[in-house]
Amino acid sequence: MRETVFLSLCWLMLQVADGHLDYISQGQGLHLKGDFSIAGLFPLHYTDGLSAGQPALGPCNQGNPNKHGFHLLQAMRFAVEEINNSSGPQSLLPGVKLGYQLYDICSVPASILATLDILEEQYHSSSTSGTDGDTELQHNSSQTVMAVIGPDSSSKSFTPASLLGSYLIPQISYEASNERLSNKIFYPAFFRTIPSDKNQVAAMIQLLVRFNWTWIALLGSDNSYGLQGMQSLSQQAPQHGICIAYQGVIPSYTADKAEVMRSMVEGILRTKVNTIVVFSSKSKLSGFFPFVVEMKVTDKVWIGTEDWSVATLISEIAGIHTIGTVLGISVKYASIPGFQEFERKVVEASMQHSDTQEVVDGNACLQSTDLYSLAKNKFSLEKYDITSSFNVYKAVYAVAHALHQSLGCDSGLCQRRRVYPWQLLPPLKQVKFSLGNTSVYFDMNGDPPTGYDIVTWLWRGTEWSLRVVGSFSPDPITLRVDEEKIEWHTTGASRSVPPSVCSPPCPRGYRKLLTGQHTCCFDCQACPAATYLNTSEPTECQPCLPEQWAPPSSEQCLNRAVLLLAWDAPLSIALLVFLASCLFITFSSAIILLLNLNTPVAKSAGGRTCLLMLAALTAAAMSSLCHFGQPSPLACILKQPLFIFSFSVCLACITVRSLQVICIFKFASKLPPAYDKWAKKHGPELTIFLVSVIILLISVLRVAFNPPQPSHDLNFYKDSIVLECSNTLSPGAGLELACVSLLSLLCFSFSYMGKDLPANYNEAKSVTFSLMVYMISWMSFFTVYLISRGPFTMAARVFATLFSVLAFLGGYFLPKIYIIVLRPQMNTTAHFQNCIQMYTMSKQ
């Protein structure tokens, strides 16, 4: 319903227009009869500013000739002639002749009115068709347009695409690239042989990313082509870290727009960008670049679209060679064999034709005096013209291939039956053929999945040429650029890529501190230790995981080194050898004392209590094994309590034994009877047991209420993890340490009090020495522990444990083992009695 109303309004516009359709639009000019007709819409004249009224249409032939449109028209005529003569790449329509109707669409109104003319002929053809029209070609079939080739721009295509789509008449544009035309809901019959602007925007984005141009200006022409391209690029640019410092819309040039143009140039200069992306049609841009030249804008990089970057309309602007480096997107070049010869013959024929000569209907080449007048201009055929002409050439062949399928021409002769335009849509969507090295087919949106060439302008003085420096493929997105082929405008021997950034990149590991609304403008700040810069969040330093670390200015976190006393470390092996030596001495001493338990030396050392002391020292030495390897729950539970308990038993034994000796020699006459009862009724053994039970109870309660567990100390070192046991310095551990310290103090006191006793009973020096070594070892360990937690500290704890055991073995037991083994004459009752007598005599 909407399309019908729109068509009615357009028809009404046609009736009230100031200018009627000219002879070309009425199909009486560039016209070739055939069994099936194709309409062609081509811009043969420039008419900007000629048509002031809306919707009135000014005469197209009053504008300046458009050489590019002339070449496009000739490409269609050449393709039709090849197909009709079967002189092309293959015989497509044997027995069938193609015709054409060519229109001059010099403006948007002309494009709309040409479309209405096509629809009018479609209506008349349908109303006059006979009852047998479905099986035989009718006499007016050549008036029925099967497909439309064109128009040349997106602005001229929207309305025709909507009108033709309402009647499902296939339309193939050769230069309309706006991505909105890919919408099959609004434009169901639209196809094109030029890539969609979606691909062109992707190519521009990749080009900016390739050269790290993140601070740019974006200009677009004031039409659907430029505005849609600007919108698409501005939406995608931030996703690639590109900031648009300035945006401007280029209007059509008129005298009153001169100041607007100058203010746009001034705006670009104020932003200090070095790269300018111009998404514009060549007709609009041709009025803007003179102001760029006038204001002496130089040393810039201009990135152009396929419409203007290869157009001589732009390159011929006076002084444009001074603007800097131009990189452009270009439709891939492909030649048309025989096309230049065809155009040469057209020019020769036009020179033999007078302007007053009548048009001959049978002339299949030149039927219009207007066409003759255009041909007489002897337009040069540029590379850009050939590329666009090839798009027209492909479009005509696509229609021919669709007709080939619809008419069943595979048998060698096409069926002569009527085909409606809508019947061409399915085979047109499925066509796939090759022209030279180019594969031609359409995707689901009617777009050709082809890429672009990347070109640059070359200047030799004022002589202009193009050079292909790369290519772009949309599926998958791939950009290839040979930087060596680009002649940058920068001076110097290096000819380096000119930068275009708001702020230089931050060093590695520095975060960005935004200084404005654009993400490309920032200061740099180093990420602190234990944080890193994630490239996906360049403005924030991310904290590392607890098990990781990072030095300042890092881009990634590193795993922390794990600190433990490994079993196979050289230091561990040395300590294990030391432990084995201690155990060997302990076991040897125990065996010697056990074999000589009834001798005076063994009895003076404590008798059976010595065996208990040696067992305790063995357990204390074995507790050092809990410090090797990764901590386990059992090792953490046994590590400290086992040493403290066993060492406390040893100290308790020495303390009680020293107390007994002092009481016997110094206080025998002063002691109350209670001492005799305590000594005779196993008081010493009970005292040792009671002290041991108290120490054991403290250790058990500490482990029960605050059990040590394997833990990871992440705070002592920034770059390391210390594997240790928790609660090492808990209150319970402090109470244990206090008990051991008290025992040590008592042991030292009682031993020192007996410094003048007989030599066989005087152990003050040996016990003092042992306690001094014990205390110095542990004080040294705690000093190291406060400043370090590495394997060396763990080894220091093992060393302190073993050295404490060795101190008591060497200070208390080895002198006695020495007498038993090497001085047996001193291990007699008589010797001991003699020593006692001498002590008694000295006291008297």
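Axes here are lines fitted to C-alpha atoms, for helices over the stretch in contact, with angles running from 0 to 180 degrees between N-to-C directions. The model is predicted, so to speak of local features takes pLDDT of at least 70 and side-chain atom pairs count only at pLDDT 80 or more, while totals for chains, interfaces and linings use all residues. Residues are numbered from 1 along each chain as its sequence is written, and side-chain values use heavy atoms, leaving out hydrogens and water.

Helices (H or I, at least four residues) and strands (E, at least two) are DSSP runs, numbered from the N terminus. Helix α2 (residues 67-85) packs against helix α11 (residues 339-351) at about 105 degrees, the axes being 10 Å apart. That makes α2 roughly perpendicular to α11 (65 to 115 degrees). On the α2 side, the contact (heavy atoms within 4.5 Å) uses Phe70, His71, Gln74, Ala75, Arg77, Phe78 and Glu81, and α11 brings in Phe339, Phe342, Glu343 and Val346.

Further along sits helix α20 (residues 683-705), whose 23 residues should span 33 Å at 1.5 Å a residue, counting one less than the number of residues. Its end C-alpha atoms are 33 Å apart, which agrees.

β26 runs antiparallel to β27 (residues 720-725), joined by four bridges, and proline 710 stands opposite cysteine 725 in β27.

Definitions and conventions: Parallel < 35°, antiparallel > 145°, perpendicular 65-115°, else oblique. Pairing = 2+ DSSP bridges.
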